[in-house]
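Dear colleague,

Here is the structure I promised to pass on to you. Please look it over beside the notes that follow.

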Amino acid sequence: MAHAHESNTSRIWTVFIILSVVTIVEVALGIVKPEWSMVPVVGMKILNWIFIILTIVKAYYIAWAFMHLEGEKGSFRWSIVLPLVILIPYLAFILLVEGNYIHDVYSAGFVKWDF
Amino acid sequence: MEATVTTATEEKVWSGGNEPLGASYGKMMMWFFIVSDALTFSGFLVAYGFSRFKFIETWPIADEVFTHFPFLHGVDAPMYYVALMTFILIFSSVTMVLAVDAGHQMKKTKVTWYMLLTIIGGLVFVGSQAWEWKNFIKGEYGAVELKSGRILQFLDGTTGERVAISEFAVPVASDRVTHQSKDGVWYQSESGLPTYSLEEVLAGFEANKNLVVRTERLNEEGEKTVLSRAESEERLTQAVMVVEGANLVHNEYGNRLFADFFFFITGFHGFHVFSGVVLNIIIFFNVILGTYERRGHYEMVEKVGLYWHFVDLVWVFVFTFFYLV
């Protein structure tokens with residue numbers, strides 16, 4: 001092991017509080033659904049963008065603090081994180097654009113499916 | 001930037017005590033597995049997004065599907081229970097990382113207790129998921145399916161409240177019974193008939209003039225479109241069957257793909273949690289037996305911990321994309 005093993009207990013509890021607060025905010029927003037958050041921005045409601053950003057924040061804290069990526073060597077950390085950060089948004093982009101296209105075919109094309 | 005060259009010593013990599021990228025063999029392999037598993041889960045979730053974008057205007061609203069909370073019957077509690085499940089899993093992640101931390105300091109008793117708490121958290125989570133499945137499969141209101149496979153749900157036209165088919169269906173005498181293989185050709189049988197036949201539901205709809213239906217289609221406000229009484233009667237002529245609850249073929253909540261993805265993604269995640277609990281139990285007993293004490297380090301706890309945090313990480317995404325967005 002490259003890193004020293006001092007106790008990280010305070011860091012762990014801080015991260016737990018951050019994760020809890022973020023989850024509470026998400027659920028509260030999901031239930032209240034405030035008026036201002038229903039405005040579409042770049043193809044999605046602001047609310048959905050907020051949810052996705054908060055999820056990535058949570059993922060960052062889990063991976064960095066709990067899975068202890070922050071204590072690994074930079075080369076190891078980034079050879080884990082970079083492939084995922086590149087491939088997943090790439091796949092999501094392709095398939096969501098394709099799904100949207102099929103939706104347009106269904107609604108504007110000659111397929112009758114809601115009868 | 002740290003050097004990644006591993007030929008600094010004359011000895012063989014790993015077996016000679018040299019660690020590429022500063023990570024032990026087992027830990028690096030666990031990370032390899034996690035990266036590939038993360039890609040598998042993203043494949044599933046992106047496929048869900050693909051199907052959802054295809055049927056963006058008719059997709060079921062998760063708030064209306066998952067409304068149950070244990071011991072609160074008939075109380076509309078959208079998402080509270082899933083939020084609680086998320087907390088339980090995050091908290092079991094915390095106890096896991098505390099166990100890893102205690103392992104670094106070679107505190108056997110502390111590791112044991114934190115592992116036990118992690119296992120309990122995992123079991124509570126799997127149990128909650130099973131309960132969610134039960135509610136989802138059983139259904140709440142019931143609906144009818146049209147020739148096209150679309151779903152119509154019943155509402156009280158004056159209050160706008162959902163009405164269960166059991167509340168208005170009128171009993172109609174019928175000789176139709178569940179066909180079993182012993183009654184006819186041996187290879188033909190069917191699954192149980194719904195509690196109410198289509199005739200009973202339609203007769204009940206006829207008798208209650210305040211009932212209307214709503215379609216799967218979302219209106220401008222993101223709510224399901226409610227039809228007028230006349231339109232409802234017209235659409236109901238297309239009805240072919242009564243649907244109660246959800247399975248892989250029929251889904252009273254709306255698009256059947258929603259149920260398919262629900263079973264597939266939460267099922268695959270639940271299977272991961274279950275495997276994690278089994279691994280945790282094995283490690284827990286090893287800790288009690290003092291295996292790692294004799295070995296001189298608690299790295300096994302750390303490796304299983306990585307897997308456990310990964311399961312939590314996946315749930316964070318499933319929670320967002322299935323229940324929130």
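In this predicted model, 44 residues of chain B are in contact with 46 residues of chain A, where contact requires that the C-beta atoms of two residues, placed from the backbone, lie within 7 Å. The elements giving two or more residues to the side of chain B that touches chain A are α1 (25-54), α3 (80-104) and α10 (299-324) of chain B, and α1(B) gives the most, with 11 residues. Helices here are DSSP runs of H or I with at least four residues, and strands are runs of E with at least two, numbered from the N terminus. By class, that side of chain B has 25 nonpolar, 13 polar and 6 charged residues, with Ala, Val, Leu, Ile, Met, Phe, Trp, Tyr, Cys and Pro counted as nonpolar, Asp, Glu, Lys and Arg as charged, and the others, Gly among them, as polar.

On the conventions, residues are numbered from 1 along each chain as its sequence is written, and chains are lettered from A and ligands numbered from 1 in the order in which they are written. As the model is predicted, local features need pLDDT of at least 70 and side-chain atom pairs count only at pLDDT 80 or more, while totals for chains, interfaces and linings use all residues.

Helix α3 (residues 74-108) of chain A packs against α1(B) at an angle of about 15°, with the axes 8 Å apart, which makes α3(A) roughly parallel to α1(B) (angles under 35 degrees count as such). The axes are lines fitted to C-alpha atoms over the stretch in contact, and the angles run from 0 to 180 degrees between N-to-C directions. The contact of α3(A) with α1(B) has 17 nonpolar, 6 polar and 2 charged residues.

For "transmembrane region", an unreviewed UniProt entry lists residues 30-50, 79-99, 111-131, 261-292 and 304-324 of chain B, although such annotations may be inferred rather than shown by experiment. Residues 30-50 of chain B are 100% helix and 0% strand, and their end C-alpha atoms lie 30 Å apart. For chain A, the annotation, again from an unreviewed UniProt entry, covers residues 12-31, 46-66 and 78-97, and residues 78-97 of chain A are 100% helix and 0% strand, with end C-alpha atoms 28 Å apart.

Finally, the domain assignment, whose bounds come from an automatic or database source, gives chain B domain 1 (20-138 + 258-324) and domain 2 (143-174 + 194-244), with C-alpha centres 38 Å apart.

Best regards

Key: Parallel < 35°, antiparallel > 145°, perpendicular 65-115°, else oblique.
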